[in-house]
Every structure is written in C-alpha cells, then in structure tokens.
Amino acid sequence: MTPREPAPACWVVSDGTAGMEVQSVALARGLGFEPRIRRITPLSPLRLAPWLGRVPGMPPAGPGHAMHAPYPQVAIGCGRRNAGAVIALKRLSRGRTLAIQIQDPRSARGLFDILVVPDHDPAAGPNVVTTRGSLNDIDDGTLDAAARRVEDRAAGLPRPLVAVNVGGDTRDHSVGPDGAAALAEALRGLARDHGCGLLVTTSRRTGSHLRAALAELADEGGCVLWSGSGDGPNPYLGFLGLADRVVVTSDSVNMVCEACATGKPVHVIPLGRAPRRRRRFLDTMVAEGYIRWFDGRLGVWDYPPLRETERVAGVLRARLVQAGVTAQVRDAST
C-alpha cells in the first residue's frame with residue numbers, strides 16, 4: 001500500500017489581491033506556519049453567495065486552482081471574494097481543514113471555524129475574533145531591514161523625514177484634478193513650513209491626476225516619489241522605517257494600520273467621503289490616540305505600535321490546539 005501523503009500544515013487561499021494576501025500570510029506566519037499560497041480565480045457564484053461552497057459538486061475556484069488532496073490542516077482566506085473557496089475547501093476535506101476567514105464575509109459566518117473581523121464590522125459570535133483594523137507583518141526588525149535597503153534614496157533630503165502614503169480612487173470616490181491639486185498643495189505647504197523631506201509612495205489605486213500632481217511636486221525638490229515599477233522596487237516599507245513622521249490618506253484601512261504599526265506619529269489626510277464603517281474605524285483611531293487628522297502641522301505623540309497580528313495569533317493558537325492542530329510545521333511555499 002502506498003503511504004498516504006501527509007496533510008500540508010497551512011494554505012493561504014488568495015485571488016492575488018495584495019492587501020488581502022498580505023493579511024492572510026501575516027496571520028499564518030504569526031501562527032508559526034510558512035503557508036503554501038494557493039492563488040485562485042474566484043467563481044462568480046461563490047463571490048455572490050459564499051455559502052454555495054458547501055454544496056456538493058461546487059468547485060472551489062476556476063480552472064487551475066491547485067486545491068486538491070491532500071488538504072491542509074488550516075486554510076486562511078481574506079475578503080469576500082475568497083470566502084466561498086475556503087468553505088468549499090472545508091467541504092472537500094470532509095471537515096478536516098480548519099477554515100479561518102479574515103474580514104466579515106457578510107454571509108455564511110457560521111460555516112467558518114474562526115472569523116477574524118475588524119471591530120468596525122458588525123460580525124459577532126463564538127467563532128469571531130475582533131481586531132483593531134487590518135493585519136500585517138510589520139515589526140521593528142522588518143522596518144529596520146527595509147530602511148537599510150532604501151536609505152540612500154533619502155540622502156540629501158532635509159530632516160525631519162515624512163513618509164507620505166497616497167491611495168486614490170475607491171468604489172465611493174474618484175480623485176479629480178481639483179482634489180489632486182489640493183493634496184499636492186497640502187504636502188507642498190508641509191515641506192515649506194516645516195523644512196522636512198518627503199518620501200512619497202503611491203498605490204495601484206492612485207489615478208492619473210494624483211500621479212501628475214505628485215510628479216510636479218517631486219520635480220520641485222525636497223521630495224522623493226515612487227509612482228510605480230518604473231521607479232524601481234517599491235520602497236514603501238523602507239520609507240516607513242526611515243521616517244520620523246507619517247502622513248497617509250484616509251481611503252485605506254490597511255495603509256493607516258501599517259503606518260500605526262511603526263509607533264510613529266501618523267497624520268491622516270481626508271481623501272474623499274469615507275463610508276460608515278471606515279469612518280467608524282478612523283474616529284476610533286483618533287479617540288484612542290493612534291492618529292490625528294492632518295491640519296498642516298507636524299505633531300509629536302506616543303502610542304503603543306499597532307501590532308494586531310501578534311495579539312490575534314496568540315488568541316488563535318489556543319483554538320488551533322483545541323481543534324487538534326498541533327503540528328505547526330513550516331511548509332515550503334509553492
């Protein structure tokens with residue numbers, strides 16, 4: 001008899017969305033796994049109704065998903081797009097795979113063993129663990145190492161250094177020429193009034209108007225701009241490590257949480273109208289002393305770095321042991 005191949009320890013189920021995959025991988029590593037990443041094309045029915053993943057015969061994802069036996073001890077997904085695939089994986093494993101879902105899937109909450117949900121979302125129940133915002137793998141070591149890789153890019157800039165993390169268009173708001181000009185002018189005034197150097201990075205959601213306005217700002221001096229792969233490797237994390245202060249636009253919970261993981265003063269610039277849940281998150285972060293709304297000035301204040309992955313992993317380890325997941329070995333990523 002051919003011996004049965006041992007079950008992998010952990011899979012991350014991802015549609016390739018960077019912000020979602022980063023959270024899943026961070027949690028897996030916080031639990032002691034080196035996960036195998038299974039990138040999928042989500043099926044439309046599962047995106048609309050994740051509970052369909054429990055229906056016999058429903059595939060977990062589109063062709064080429066590479067989710068076949070032996071199934072893992074633990075599967076981690078993030079975001080509604082991946083939720084149905086995680087449910088299907090639990091069904092295919094006949095319940096042996098522990099299903100962990102990050103972010104509220106808005107339906108089928110009871111089909112997951114563990115839900116890791118931001119506390120500005122409405123989910124509640126015995127399988128729910130809440131977080132302050134989103135997860136990441138930022139700590140002092142990653143910041144220091146990243147800073148050393150990009151420190152030459154800040155050579156010659158005036159001090160203090162301010163990392164400026166710029167998002168852009170969302171489902172609720174697009175940044176037009178006026179909004180782009182206003183943001184660039186606010187940064188121009190910050191550099192002028194405080195004599196600081198700006199380390200600016202954009203995101204994939206940064207539109208052409210914002211990119212043009214920021215390029216003009218960088219051409220004036222005192223500013224280093226990364227605006228895409230044409231500018232070399234993304235120095236985002238390194239700029240956070242180098243900076244004395246951080247300015248971040250309000251459109252991304254992930255960017256705010258990553259900035260707050262540094263423990264440095266974080267100023268938030270409003271960019272568009274914030275939906276109710278994001279506004280609740282931002283208001284809580286202000287009330288608890290993590291962030292301040294940008295008013296043109298650079299403040300100084302202290303707070304414990306926001307390192308939610310460490311805390312959540314500690315809570316989940318006990319639950320994994322209760323579920324019989326004790327062999328936390330490290331798998332080679334494939």
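The legends below describe close-up views of a predicted model.

View 1. Six strands form an open sheet in the order 9-8-7-10-11-12, and their pairing is parallel. Strand 9 (223-226) and strand 12 (291-293) are the edge strands, each pairing on one side only. On average, neighbouring strands of this sheet are turned by 20° against each other, direction ignored. Strands of a sheet pair through backbone hydrogen bonds, either parallel or antiparallel.

**View 2. The pairing of strand 11 with strand 12.** Three bridges join strand 11 and strand 12 in the parallel sense. Here His267 stands opposite Arg292 of strand 12.

**View 3. Helix 8 against the sheet.** Helix 8 (253-260) lies across strand 7, strand 10, strand 11 and strand 12. Relative to strand 10, helix 8 runs at about 170°.

**View 4. The largest nonpolar core.** This core has 34 residues, and those touching the most other members are Leu199, Leu242, Val256, Cys260, Val266, Met285 and Ile291. At least two core residues come from each of helix 4 (140-150), strand 7 (161-165), helix 7 (236-242), strand 10 (245-249), helix 8 (253-260), strand 11 (266-269) and helix 9 (276-287). Helix 8 supplies the largest share, six residues.

**View 5. The surroundings of Met285.** Met285 is one of the core residues that touch the most other members. Leaving aside residues up to four places away in sequence, Met285 touches Arg132, Val256, Cys260, Tyr290, Ile291 and Leu306. Among these contacts, Val256, Cys260 and Ile291 are also listed with Met285 as residues touching the most other core members.

Methods
Residues are numbered from 1 along each chain as its sequence is written. This is a predicted model: local features need pLDDT of at least 70, side-chain atom pairs count only at pLDDT 80 or more; totals for chains, interfaces and linings use all residues. Side-chain values use heavy atoms; hydrogens and water are left out. A nonpolar core is a set of buried Ala, Val, Leu, Ile, Met, Phe, Trp, Tyr and Cys residues joined through side-chain atoms within 4.5 Å. Buried means under 20% relative accessible area, exposed over 50%, partly exposed in between (1.4 Å probe, protein chains only). Helices (H or I, at least four residues) and strands (E, at least two) are DSSP runs, numbered from the N terminus. Contact means heavy atoms within 4.5 Å. Two strands pair if DSSP finds at least two bridges between them. Axes are lines fitted to C-alpha atoms, for helices over the stretch in contact, and angles run from 0 to 180 degrees between N-to-C directions.
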